[in-house]
Amino acid sequence: MTDIQEAEAPHNNFDTILVLDFGSQTSHLILRRLRSLKVYAEMLPCNTNIAELPFKPKGIVFSGGPSSVYDKDAPHVDPAVFDLGVPILGICYGCQELAWRTDASNVAGGTIREYGHADVNIHNSGNAHTDKLFAGLGDSMHAYMSHFDKLVKLPSGFVVVASTANSEFAGIAHESKPIYGVQFHPELEHTPRGTEILRNFAIDICGAQDSWVMKDFIQKEIVRIRHLVGETAQVIGAVSGGVDSTVAAKLMKEAIGDRFHAILVDNGVMRLNECEQVKETLEEHLGINLTVVDGAELFLSRLKGVNEPEKKRKIIGGTFIDLFQQEAIRIEKEAENTPNAGPVTWFLQGTLYPDVIESVSYKGPSATIKTHHNVGGLPETLKLKLIEPLREMFKDEVRKFGQEMGIHRDLVMRHPFPGPGIAIRILGEVTPERVRIARAADHIFISEIRAAGVYDEMSQAYVAISNDRAVGVQGDARVYGYIAILRAVKTLDFMSAEPYDFDFALLKRISTRIVNEVDGIARVTYDITSKPPGTIEME
């Protein structure tokens, strides 16, 4: 990071809570909950060298994690974290880390499993310091547990502030230092009052100012981008019409004007009329410099015969880069005779936090769920530097960001559409015929839920096409067609999701239309799998 980048970094302009990640799939939700309180938070790996921290946080949270603290290769924090003199909150594994560092025998595991709902008893002692974490929560609360280890002894210097039937040390507080631990997960929606605990920690214990507001971030990010890009360099960026790439493109347009070149690749697996709609939105309504590249034939030829989901994603990601590289060369040549137009130096992506956590495994922590085409850096053949202004944000933050910049609500609230498009909603081989079927069925599905007025009640909805076929009867004749899978979920942060509770009459109407109007589909099903254990997309 350059001196300019560091000077403009949010942690130098807002009180910041640092989350040290031990590999939990929900670590980012701690940040999300803190930011919902208008407290800025950043995350670093648990083994970060504290001496190299570029800022002093107001407080530190140790996340949960999949390891056991007593394992040989278990991740641990730099002991120097305790010398910073700032409050610390340990969550699940993080709580066990606090206890283990005092005495390894404080933690035991292997047979002590507790998953799901738990009733937490709060121990109000009358001591203002030790009671501070649970202040205002009464005598009990509901919480979500997910652990196979637990504290079996109270660490020296600590007192019990909460317990459950299974975990007698479900909440601990140091008698004199601002160090706290909880066995449950306050960051999850399944702990209804968890945000209040995080507020007590961040604002009342750490003294962080709740000053993190989107409008301030927008102005600071525009200044940061201008410093970073300079006065002549040009930027190219991928756009899809989704909220992430649109907001990123609008931000870049505000920062550097026509030196930003948005590129929409028609990959042959877009939704019905998608490219036309995106072109109208970005060019006419937002004034963004846009080029549409026809790559449909190239994409589909490279996907021919490919069935494995990860291989499809990598092919699509690689093909995107190939086409972007060609466009970068073209734009740079055109700029040679244009005054004040420098070389194409930067590549913009609308990467978000959920993309990052599902694609990047920290050393010792979370498992990779799937590869996102827009995460993990750029190939060496693309001689551009990556700029990702939304990388630290969640979807709902990006939507607020977009509204603050004046982007129309219908566009800001549009459901996400993955970079690999319909290709990852077609199970098995992607062929022109199966793309036609998926595109037509999806158009009917989205049109019906819009007409029913429930589009905004769900966070994402689409139709996938199974690799299997089923027998049906149409017009007194036997047909053998594909199975259309309807998918609709509700979520705040896309880290977890629940299926949308459809009115059954609406589902039947959607099913009838798809089977009657889309040649090649014999049956329609509705996927009610939550995330986890499923993912929101099919592949």
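Predicted model: local features only at pLDDT ≥ 70, side-chain atom pairs only at ≥ 80, totals over all residues.

Colleague: In which sense do β8 and β9 run, given that three bridges join them?
Modeller: Strand β8 covers residues 171–174 and is connected to β9 by a hairpin of four residues. Within this pairing Ala173 stands opposite Tyr180 of β9, and the sense in which the two strands run is antiparallel.

Colleague: Which residue stands opposite Val182 of β9?
Modeller: Strand β9 also pairs with β4, residues 88–91, in the parallel sense and over four bridges. In that pairing the residue opposite Val182 is Ile91.

Colleague: Are the two faces of β9 covered or open?
Modeller: In a regular strand the side chains alternate between the two faces of the sheet. In β9, residues 179–182, Ile179 and Gly181 lie on one side while Tyr180 and Val182 lie on the other, and as these four are all buried, both faces are covered.

Colleague: How many residues apart are Glu537 and Arg425, which form a salt bridge?
Modeller: The closest N and O atoms of this pair are 2.7 Å apart. The pair links distant parts of the chain, with Glu537 in the segment after β18 and Arg425 in the loop between α12 and α13, and the separation is 112 residues.

Note on methods: Residues numbered from 1 in each chain as written. Heavy atoms only, no water. Buried < 20%, exposed > 50% of the residue type's maximum accessible area, 1.4 Å probe, protein only. Pairing = 2+ DSSP bridges. Salt bridge = Lys/Arg side-chain N within 4 Å of Asp/Glu carboxyl O.
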